[in-house]
Amino acid sequence: MITDDGTMVIRLSDSTPLHRDNFLKLVNKHFYDGILFHRVIQNFMIQAGNPATKPSAKTQKPAKSIAGYTIPAEFVSSLFHQKGAIAAAREGDDANPDKASSGTQFYIVQGKIFSDQGLDSVQTFRLQGRNLPLPQREIYKTVGGTPHLDMNYTIFGRVISGQDVIDKIAAEPTSGRQGGDKPVKEIRILKASLIKRK
């Protein structure tokens, strides 16, 4: 994925085949070429995939609606929101109790590094007492991520090269929460293409 701020290599997961195949289909159709990272929150995530942000769209204002179709959730406990995870965006729980994913929008986790105390708090208050596996806790303490999203949004891959690009995009000035966390300067996906796994 070549962006205005650098190139990322993403490995897709075979554990979430519906999401993997949908993403491959969109890349093959060049859907993401030219699309903006329309929502960026430092120490959290960078989000793209809104068709209203393509140069050919009539409006450059990101639409609230998320694509014209959804994908059933594919939660896999071994896939978690470590830094670099790519996951499907979705409508909130009130409108979407089944947690179905957007057909096109995704986010890439930047997150932050947690202490044991911080992770204990996440388990108690955000995960309703569900314990994070020890290997995942270690990654959240060293690499970082967003553990409160685990098992709530479908993860379908991970950035394996170019994590510095995530940091660069996440550091861009934005309009803030009131303005939808839209980057002040346009940051586009210039081209997304498939490469063979090594």
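What is the volume of the largest cavity? In this predicted model, the largest cavity has a volume of about 50 Å³.

**Empty spaces**

Rolling a probe the size of a water molecule over the atoms shows where empty space is left. Here, the count comes to two cavities of 30 Å³ or more. The lining of the largest cavity includes His 19, Asn 22, Phe 23 and Leu 26, along with Tyr 32 and Ile 71. A run from Ser 102 through Gly 103, Thr 104 and Gln 105 to Phe 106 also lines this cavity, as does Phe 156. Helix H1 (residues 17-28) provides the largest share of that lining, four residues.

There is an open space to look at too: the second largest pocket, with a volume of about 540 Å³. Of the 20 residues that line this pocket, Val 9, Ile 10, Ser 193, Leu 194 and Ile 195 lie nearest its centre. Both E3 and H1 supply at least two residues each to the pocket lining, and E3 gives the most, with four residues.

| Space | Volume | Element giving most to the lining |
|---|---|---|
| Largest cavity | about 50 Å³ | H1, four residues |
| Second largest pocket | about 540 Å³ | E3, four residues |

**The six-stranded sheet**

Strand E3 also belongs to an open sheet of six strands, with the order E3-E10-E7-E9-E5-E4 and antiparallel pairing. Strand E3 (9-12) and strand E4 (37-41) each have a single partner strand and stand at the edges, so one side of each is left without a neighbour in the sheet. On average, neighbouring strands of this sheet are turned by 25° against each other, direction ignored.

Within the sheet, strand E5 (residues 45-48) and strand E9 (residues 106-109) run antiparallel and are joined by four bridges.

**Helix H4 and its cover**

Which residues of helix H4 are buried? In H4 (residues 163-170), they are Val 165, Ile 166, Ile 169 and Ala 170. Seen down the axis of H4, these buried residues fall within an arc of 130°, so they line one face of the helix. An α-helix has 3.6 residues a turn, so residues three or four places apart point the same way.

What covers the buried residues of H4 includes the sheet strands E4, E5, E9 and E10 (155-161). Strand E1 (2-3) and strand E2 (6-7) are also among the elements that cover them.

Methods:
Residues are numbered from 1 along each chain as its sequence is written. This is a predicted model: local features need pLDDT of at least 70, side-chain atom pairs count only at pLDDT 80 or more; totals for chains, interfaces and linings use all residues. Side-chain values use heavy atoms; hydrogens and water are left out. Two strands pair if DSSP finds at least two bridges between them. Axes are lines fitted to C-alpha atoms, for helices over the stretch in contact, and angles run from 0 to 180 degrees between N-to-C directions. Buried means under 20% relative accessible area, exposed over 50%, partly exposed in between (1.4 Å probe, protein chains only). The arc is that of the directions from the helix axis to the C-beta atoms. Contact means heavy atoms within 4.5 Å. On a 1 Å grid over the protein atoms alone, a cavity is a set of points where a 1.4 Å probe fits but cannot get out, and a pocket is an open set with protein on both sides within 12 Å along at least five of seven lines; lining residues have an atom within 4 Å of a point. Grid points are joined across faces, edges and corners, and a volume is the space filled by probe spheres set on the points.
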